[in-house]
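I set out to record what I looked up in this structure, entry by entry.

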Amino acid sequence: MPRRQGSALLIALLVGTAALAALVAFTGSLLFTEPRAKAAVAAAGPQGVARTPAAPARSTGLWLATWAAAPVLGATDPEQGPDPSLRTIRNVVHTSIGGDAARITLSNLFGTHPLLVDRVTVNAVPVTFRNAAYVTIAAGGQIVSDPVVVPVAADADLVVTLRTPTARGPVTVHPNSHQTSFTEGPRGTTESTTDWRYLTAVDVRGRTATGTLVAFGDSLTAGSGSTTDTNSRWPDVLADRLAGRYAVVNQGIGGNRILLSGVGPRGLDRFDRDVLAVTGVKTVVIALGINDIQAFPQERDPARITDALRTLTERAHARGLRVIGATLMPYEGQGNWTPARNAVRAHVNEAIRAGGVFDEVLDFDRAVQDPSRPSRLLPAYDSGDHLHLNDAGYHRLGTLTDIASLLRAEPSSDAL
């Protein structure tokens, strides 16, 4: 399914489930006050009360991540006030590969209370957790669902719906997704949002793709400046070129740095969770460092950045991953630019191009710079802020990866 046809699936799902959602919201307000909801989960026990007939039988196939989003922060729900209870959340995500079964990861990383989720579906098919219809996720924890048989198409929108009858927050979110999702409150009021809530990964079981590539970066990987709901980030473009033969997941966080935490944990701290723990990962593209240079407090020593990048490469090699690294793109004209900071960027890029930092190099810098003034973005690729790219710029980055080299990677061993 072409990516721009994904909205048709979304509309069909929303229309088809609207009445059910309203009924669940109403009855839930009667049945699932916090004490009763906790009692229901306790009474269900570890095996729960609702086995799903969709649980797949043992069969051959590879489990790979088709989509992921790094948890960034704990937030008071901006759409419907400080109380996120009795909330139906419809996270809309875009797949890179397809399969015949799926499983999801829910995170309460930034929550300060246990998170009760009492209804979860993938494209309207019920999902269970250890055969239970309910699950409670500890503060700071996460959980992976049981596999569920549901057809998942490559390059298509997927709707993961969940209900939080007693949640007290903060809500674990990935903001600024450049994808429209929806929340529905207890009175049936629906709001659109560009935050993904609680959902951090979707894995699929298939027989075509051979591995997963993780794009690990900042806003230039997350897609700041791209057009919402068009899936125009450079990892999306790469996934289109791979046409379902290799999974691509985007673990970019806008504002993220490699050396200092701020917007999300720093790259050095989140690498294990957001790269090494991704299902079926074989390759990682690292595109981090520009915020260490341009955002306060600025890093003045390029060696500290390149040493950190080498550290990530070493950790990836210890797990048998191939590491591709990107040079840092120009940003003259943006408010924080100075000649001295540009010199730091140039030194980092020289070290990357010289080798010894990554296995392979994607020269993002040269691909999008203005040849007449290399410290600036080419105007045709500039989103307007002189730091982030527009759709054309991200498309250019997405064309740089060698597809044949990726497809020669060994298949994942995470098979059923």
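The entries below follow the order in which I looked things up.

**Entry 1. Basis.** I worked from a predicted model, in which local features need pLDDT of at least 70 and side-chain atom pairs count only at pLDDT 80 or more, while totals for chains, interfaces and linings use all residues. Residues are numbered from 1 along each chain as its sequence is written, and side-chain values use heavy atoms, with hydrogens and water left out.

**Entry 2. The chain.** I found eleven helices and 23 strands in the protein chain; helices (H or I, at least four residues) and strands (E, at least two) are DSSP runs, numbered from the N terminus. Of the 416 residues, 57% are buried, where buried means under 20% relative accessible area with a 1.4 Å probe, protein chains only. The accessible surface is about 16200 Å², and carbon and sulfur atoms hold 55% of that area; the areas come from the Shrake-Rupley method with a 1.4 Å probe, and for residues only the protein chains shown count as cover. I also looked up contacts (heavy atoms within 4.5 Å). Among those between residues at least 6 apart in sequence, 80% join residues at least 24 apart.

**Entry 3. A three-stranded sheet.** I traced an open sheet with the order E2-E12-E15 and antiparallel pairing; strands pair if DSSP finds at least two bridges between them. E2 and E15 are the edge strands, each pairing on one side only. Strand E2 (residues 73–75) is joined to E12 by three bridges. Within that pairing, Gly74 has Thr172 as its bridge partner, and Ala75 has Val171. On the other pairing, two bridges join E12 to strand E15 (residues 196–197), and His174 is partnered there by Trp196.

Which residues of E12 lie on each side? Val171 and Val173 are on one side and Thr172 and His174 on the other, and all are buried, so that both faces of the strand are covered. I noted the general rule that side chains in a regular strand alternate between the two faces of the sheet.

Entry 4. Helix H4 is mostly covered, with seven of its nine residues buried. Those are Trp234, Pro235, Asp236, Val237, Leu238, Ala239 and Leu242. Just after H4, Ala243 takes a positive phi of about 50°.

I then counted five cavities of 30 Å³ or more. On a 1 Å grid over the protein atoms alone, a cavity is a set of points where a 1.4 Å probe fits but cannot get out, a pocket is an open set with protein on both sides within 12 Å along at least five of seven lines, and lining residues have an atom within 4 Å of a point. Points are joined across faces, edges and corners, and a volume is the space filled by probe spheres set on them.

The largest cavity has a volume of about 280 Å³. Its lining has 24 residues, and Trp67, His94, Arg233, Asp236 and Asn250 lie nearest the centre. E1, helix H4 (234–242) and strand E18 (247–252) each give two or more residues to this lining.

**Entry 5. The largest pocket.** I recorded about 280 Å³ of space in the largest pocket. Of its 19 lining residues, Thr105, Gln142, Ala201, Arg273 and Ala277 are the closest to the centre. Elements supplying at least two lining residues each include strand E1 (62–68), strand E4 (99–107) and helix H5 (267–276).

Methods:
Buried < 20%, exposed > 50% of the residue type's maximum accessible area, 1.4 Å probe, protein only.
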